[in-house]
Number of protein chains: 2
Amino acid sequence: LDIGGANLKAADGSGFAHWHPFALWKESAQLTQQLRTLIAQSPRHDHLAVTMTGELADCFGSKTEGVSFILDAVRKASDGRHTRVYLTSGQMVTPQVAMRRPLEAAAANWHALARFAGRFVPEGFALLIDVGSTTTDVIPLVAGQPAAEGLDDTSRLMSRELIYSGVERTPLCAVASELPYRGAMCPLAREHFATTRDAYVILGDLPEDSLSLDTADGRSATRVGARTRLGRMICADNQRFNHRDAVAIARYVAEVQRDLLFEGIGNVIGRRGKPLTAVVVSGEGEFLAVRAVQQLDPVPRLISVSQRLGEGISRCAPAHAVAVLAREAALG
Amino acid sequence: LDIGGANLKAADGSGFAHWHPFALWKESAQLTQQLRTLIAQSPRHDHLAVTMTGELADCFGSKTEGVSFILDAVRKASDGRHTRVYLTSGQMVTPQVAMRRPLEAAAANWHALARFAGRFVPEGFALLIDVGSTTTDVIPLVAGQPAAEGLDDTSRLMSRELIYSGVERTPLCAVASELPYRGAMCPLAREHFATTRDAYVILGDLPEDSLSLDTADGRSATRVGARTRLGRMICADNQRFNHRDAVAIARYVAEVQRDLLFEGIGNVIGRRGKPLTAVVVSGEGEFLAVRAVQQLDPVPRLISVSQRLGEGISRCAPAHAVAVLAREAALG
């Protein structure tokens with residue numbers, strides 16, 4: 001299980017992967033029931049392995065409070081099943097131990113994923129780039145092992161190993177300060193009117209989903225809805241703002257976000273001063289990672305988790321990773 | 001009445017001014033009742049004069065839909081009172097006429113305020129700067145009359161006469177891309193975790209208000225709450241993130257926002273190429289306007305609406321303006 005602030009993900013490490021959006025910061029009281037349902041939907045659920053990032057959700061006054069709340073929900077939902085929690089030290093511990101080491105249980109999913117990804121590149125210096133809905137991880141791998149500089153989120157932001165930007169939930173006003181409109185640049189509305197998902201739905205990089213209301217205005221994640229939201233970013237009415245206008249803005253946003261990721265990657269590589277063997281890409285934003293990596297010179301070997309293991313697993317990569325690591329640990 | 005997307009404001013043009021937060025995009029069904037209460041609280045309410053910006057709220061599919069919804073709520077709440085709506089052309093028209101000219105009724109409050117402010121500077125080239133919770137208007141005044149380049153919001157963004165940034169509701173991730181933390185700069189979380197209000201509450205520029213939950217996490221607008229929210233911007237836990245850390249971030253945000261406004265002012269002045277006689281400042285963010293204007297060389301004469309007419313009127317300046325203009329129009 002990978003318990004995030006905006007999504008719940010489950011995988012069994014053998015091909016099953018499932019996720020659904022869950023706004024933890026709005027509906028935290030529902031977490032236990034949501035986890036129970038998710039566990040019941042999974043084909044093999046006698047053992048549970050847990051990682052999380054949801055403790056940062058702003059319904060919690062502190063990370064310790066968040067970790068404690070999430071572990072409590074896991075305990076209730078587990079109904080007595082054997083449960084292990086992944087720590088940033090790489091250990092799998094009981095929920096009781098994790099409760100006493102909350103800042104190691106916090107935001108540990110990237111570490112599990114990096115350890116798993118290392119097996120694709122057992123030699124040399126490589127990177128894992130996981131682009132999610134909200135954040136992106138850029139983790140150095142040395143001889144197949146995670147070699148991150150930062151462990152907690154603040155250090156990871158500083159080292160650029162965590163880039164707080166993703167392909168769905170990132171507010172457009174946090175990515176750009178102006179947007180193209182009919183041949184000129186227009187300063188944008190500093191308001192949560194649209195997100196990166198709108199740009200990628202317009203461009204066809206992400207699918208339309210008329211049932212998903214996880215958007216800035218709570219309306220459908222369709223192209224029509226995305227166009228209205230993108231127009232609002234420059235206070236344009238959709239009576240005037242057409243599809244071509246939306247495409248221009250979407251292309252610009254995609255370029256800015258690619259360049260932002262490229263810059264972060266350069267920063268992480270630059271500190272090492274070693275040639276890059278390969279890059280493992282995963283997450284629902286694999287497409288963005290590929291575009292950023294292709295800007296590197298020379299272009300390193302690309303290993304796509306979605307191509308190797310399927311799109312579902314790529315999207316739930318940390319859940320898959322923690323399931324695989326837990327089984328291996330159990331088998332000794 | 002000045003009907004915004006986040007606040008409702010009322011003034012009678014003779015000293016009464018009242019406002020309260022109202023999240024139109026979340027509770028639009030309550031608008032009629034809210035207006036009815038607001039009208040009942042006002043000392044003189046036989047005639048109504050209305051201006052708005054709330055039509056941009058993202059509960060509306062288009063501005064026309066928004067204007068129509070708001071005018072309909074006004075009609076119901078007016079209970080048959082004589083009602084006029086301000087248009088960006090400077091005319092006061094009946095709600096029926098405004099319904100047919102929705103794009104002139106949309107976002108006209110700055111125009112009413114600029115016309116009113118012109119009486120403080122009847123000669124030469126001056127500016128009105130109104131810094132609100134969400135947006136800022138920078139309107140040129142020539143011989144006491146508004147001389148804006150843009151009329152609709154998109155053109156106004158382009159001409160920098162509208163700067164979509166204010167002292168309460170602006171997401172911090174839309175103002176900066178990194179924040180100072182213990183001697184270094186930390187890339188921030190591109191998430192709606194904190195707003196400019198948190199920075200100004202920490203600095204003492206805005207008052208604490210433990211009853212106000214109009215914040216990024218829906219918790220109190222106190223210094224303690226603000227510190228937690230500011231810490232979250234760099235994923236720092238409030239067990240580690242102290243008041244001094246919060247002050248460093250708040251100061252930085254205040255400077256960035258002041259510079260942003262200074263740049264916008266420079267843009268608006270630059271196009272005219274005329275010496276600036278004076279600047280009229282208003283709004284709950286007068287303090288920020290003053291700081292930006294003091295960066296100009298030479299510093300122009302400053303006319304503070306709060307000093308002349310009181311803080312309440314400064315904060316509800318467009319409502320006061322439209323009330324004064326309506327009375328004058330009625331008296332011929």
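1. Let me start with Arg182(A), which sits in the loop of chain A between strand E11 (178-181) and strand E12 (184-187). The model is a predicted one, and here it gives this arginine a positive phi of about 50 degrees, although Arg182(A) is not a glycine. Most residues other than glycine have a negative phi. Is Arg182(A) buried or exposed? With a relative accessibility of 52%, Arg182(A) counts as exposed, because the cut-off for that class is over 50%.

2. Chain B has a case of its own to look at, Arg160(B). Its phi is near 65 degrees, again a positive value in a residue other than glycine. You will find Arg160(B) in the loop that runs between helix H7 (153-158) and strand E10 (162-163) of chain B. The relative accessibility of Arg160(B) is 22%, so this residue counts as partly exposed.

3. Please also check the cis peptide bonds. Most peptide bonds are trans. In chain A, however, Asp297(A) and Pro298(A) are joined by a cis bond, with omega about 0 degrees. Pro298(A) belongs to the loop between helix H11 (286-293) and strand E14 (301-304) of chain A. In chain B, the bond from Asp297(B) to Pro298(B) is cis as well, with omega near 0 degrees, and Pro298(B) lies in the loop between helix H11 (286-293) and strand E14 (301-304) of that chain.

4. Now to strand E2 (residues 7-11) of chain A. How many of its 5 residues are buried? The count is 5 of the 5, so the strand is largely enclosed by the rest of the structure. In a regular strand the side chains alternate between the two faces of the sheet. Here Asn7(A), Lys9(A) and Ala11(A) point one way from E2(A), while Leu8(A) and Ala10(A) point the other way, and all are buried.

5. The neighbours of E2(A) come next. Strand E1 (residues 2-3) of chain A runs antiparallel to E2(A), and 2 bridges join them; Asp2(A) has Lys9(A) as its bridge partner in E2(A). These two strands make a hairpin with 3 residues between them. Strand E3 (residues 17-21) of chain A is also antiparallel to E2(A), joined to it by 5 bridges, and Ala11(A) stands opposite Ala17(A) in E3(A). E2(A) and E3(A) form a hairpin with 5 residues between them, and in its turn Gly13(A) has a positive phi of about 80 degrees.

6. For the sheet as a whole, I turn to chain B. Six strands form an open sheet with mixed pairing, in the order E3-E2-E1-E4-E5-E6. Its edges are strand E3 (17-21) and strand E6 (92-93) of chain B, each of which pairs on one side only. Helix H3 (residues 63-78) of chain B packs on this sheet and touches E1, strand E4 (47-52) and strand E5 (82-86) of chain B. The direction of H3 makes about 160 degrees with that of E4(B). Within the sheet, strand E1 (residues 2-3) and strand E2 (residues 7-11) of chain B pair in the antiparallel sense over 2 bridges, with Ile3(B) opposite Leu8(B) in E2(B).

7. Helix H8 (residues 196-203) of chain A deserves a look too. Of its 8 residues, 7 are buried, so the helix is largely enclosed by the rest of the structure. Arg197(A), Asp198(A) and Tyr200(A) are among the buried ones. The cover over the buried residues of H8(A) includes helix H9 (223-232), helix H10 (243-272) and H11 of chain A. Just after H8(A), Gly204(A) takes a positive phi of about 85 degrees.

8. On cysteines, a search of the whole structure finds 0 disulfides over all chains. For Cys235(B), the nearest cysteine sulfur is that of Cys186(B), 7.5 Å away. Cys235(B) is buried, with a relative accessible area of 0%. In chain A, Cys316(A) is buried at 1%.

9. Finally, the interface. Contacts link 51 residues of chain B with 52 residues of chain A. Between them the two chains bury about 4200 Å², 52% of it on carbon and sulfur atoms. There are 4 salt bridges across this interface. A salt bridge also links the side chains of Asp152(B) and Arg240(A), at 3.9 Å from N to O.

Definitions and conventions
Residues numbered from 1 in each chain as written. Chains lettered and ligands numbered in written order. Predicted model: local features only at pLDDT ≥ 70, side-chain atom pairs only at ≥ 80, totals over all residues. Heavy atoms only, no water. Helix = DSSP H or I, 4+ residues; strand = E, 2+ residues; numbered from the N terminus. Buried < 20%, exposed > 50% of the residue type's maximum accessible area, 1.4 Å probe, protein only. Pairing = 2+ DSSP bridges. Contact = heavy atoms within 4.5 Å. Axes fitted to C-alpha atoms, helices over the stretch in contact; angles between N-to-C directions. Disulfide = S-S within 2.5 Å. Buried area = accessible area lost by both parts, 1.4 Å probe.
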